[in-house]
Amino acid sequence: MEMDVLWLDQSDVRSVIDMPLTLSAVENGFREHGLKKVQMPPKSYLYFEKHNGDLRTMPSFMEEKDIAGVKIVNVHPDNREKGLPTVMAVIVLNSTEIGAPLAIMDGTHVTDMRTGAAGGVAAKYLARKDSHIVGMVGTGGQARTQLLALSEVMDIEEVKITCRNAAHCDSFEKDMQKVVSCDFTRKESIKNVCDCDVLVTTTPVREPVVKAEWVHEGTHINAIGADAMGKQELESSLMKKARIIVDDIIQASHSGEVNVPLSQGIISESDFHAELGEVVAGVKKGRLSDDDITIFDSTGLAVQDLVTANIVYTKAVELGIGTKMKLF
């Protein structure tokens, strides 16, 4: 018996998915996770301290959809200086019937899109309904898909940004004005950016850059950047006055925004209000009042990759996109 696997490069992936499709898929993935219908062990890490990077493996299986796969992804912050993406990934979709790979695809664009979509889903369920002003701490690739997703779930009137590198601000504003119709305002400091309805942090820092005193009541925060042990964007005391919603309790505890204050005993797991999937599924409530500060701690779940990659594969097969390669 011969076995073919479908190879999909980044141009193939980009040609078949957009943010509305990704948002719908990721929202459903969170819902199934909240209903405990997903097999998904926490991501595992290999740390390359010599090279300031790491490699992660992320398997998952959605029981009712009967789809399974694994993502292998790196995070190397210094790659930007080498002209390479800081995050690169490959996703393998597997047949649940015989276990063989069905497709191997670029996971870098999938990662960007599904991470943005997670922020969009979080804002849909956790931000105040009258939210119109977005603050961006960080203007890299992740910030772009975050804003793209937010534009699908809220009426954005203004985006506040700040950069240590003016060229990065210029590039972000130029690119995003093409897809998000709103005012872009440069601010001198992160403090000024925090004066917003929805705050998005997408930095790789290990020392907090957002102080608790800068965040007003009613703000929703998508904390995206902390995705490994020791990373932290928000001041620990902010966690004590906010409603914390994580994507996955186990994973967030060792690698999310909560990992540092948790390890220091400033907060405990009892301070976690819910997992986002539980809110999406209606198992638990999210925001309880307009005065709540809500924080979505996003570490990135394998099920987000799985549902997005499955859309890519399904549409690629329908459209005859990709290259079939003989496996054996």
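Two packed helices are described by the angle between their axes and the distance between the axes. I keep that in mind for the first entry, and I note that the model is predicted.

**Entry: a helix pair**

I looked up helix H3, residues 108-126, and helix H11, residues 302-319. Their axes lie 9 Å apart, and the packing angle is about 120 degrees. Angles of 65 to 115 degrees count as roughly perpendicular and those over 145 as roughly antiparallel, so I put H3 down as oblique to H11. The crossing of H3 past H11 is right-handed.

Next I asked which residues meet there. From H3 I listed Val 110, Thr 111, Arg 114, Thr 115 and Ala 118. From H11 I listed Gln 304, Asp 305, Thr 308 and Val 312. Sorted by kind, the residues of this contact are three nonpolar, four polar and two charged.

**Entry: cysteines**

A disulfide is a covalent bond between the sulfur atoms of two cysteines. How many disulfides does the count give? I found one. The bond joins Cys 163 to Cys 169, with 2.4 Å from S to S. I read 100 degrees about the S-S bond, and the link of Cys 163 and Cys 169 is right-handed.

Cys 163 has 25% relative accessibility and counts as partly exposed. Cys 169 is at 3% and counts as buried, because the limit for buried is under 20%.

I also looked at Cys 182 and Cys 196. The cut-off for a disulfide is within 2.5 Å. Cys 182 is buried, with a relative accessible area of 15%. Cys 196 counts as buried too, at 7% relative accessibility.

**Entry: Thr 203**

Where does Thr 203 lie? I placed Thr 203 in the loop between strand E11 (198-201) and strand E12 (220-223). Is Thr 203 buried or exposed? Its relative accessibility is 13%, so I recorded Thr 203 as buried.

I left aside the neighbours within four places in sequence and listed the contacts of Thr 203. They are Val 137, Gly 138, Val 209, Gly 225, Ala 226 and Glu 233. I also took the C-alpha to C-alpha distance from Thr 203 to Ala 143, which is 9.0 Å, although 60 residues separate the two in sequence.

Key: Residues are numbered from 1 along each chain as its sequence is written. This is a predicted model: local features need pLDDT of at least 70, side-chain atom pairs count only at pLDDT 80 or more; totals for chains, interfaces and linings use all residues. Side-chain values use heavy atoms; hydrogens and water are left out. Helices (H or I, at least four residues) and strands (E, at least two) are DSSP runs, numbered from the N terminus. Buried means under 20% relative accessible area, exposed over 50%, partly exposed in between (1.4 Å probe, protein chains only). Contact means heavy atoms within 4.5 Å. Axes are lines fitted to C-alpha atoms, for helices over the stretch in contact, and angles run from 0 to 180 degrees between N-to-C directions. Angles under 35 degrees count as roughly parallel, over 145 as roughly antiparallel, 65 to 115 as roughly perpendicular and the rest as oblique. A crossing is left-handed if the near helix is turned anticlockwise from the far one by less than a right angle, and right-handed if clockwise. Ala, Val, Leu, Ile, Met, Phe, Trp, Tyr, Cys and Pro count as nonpolar, Asp, Glu, Lys and Arg as charged, and the others, Gly among them, as polar.
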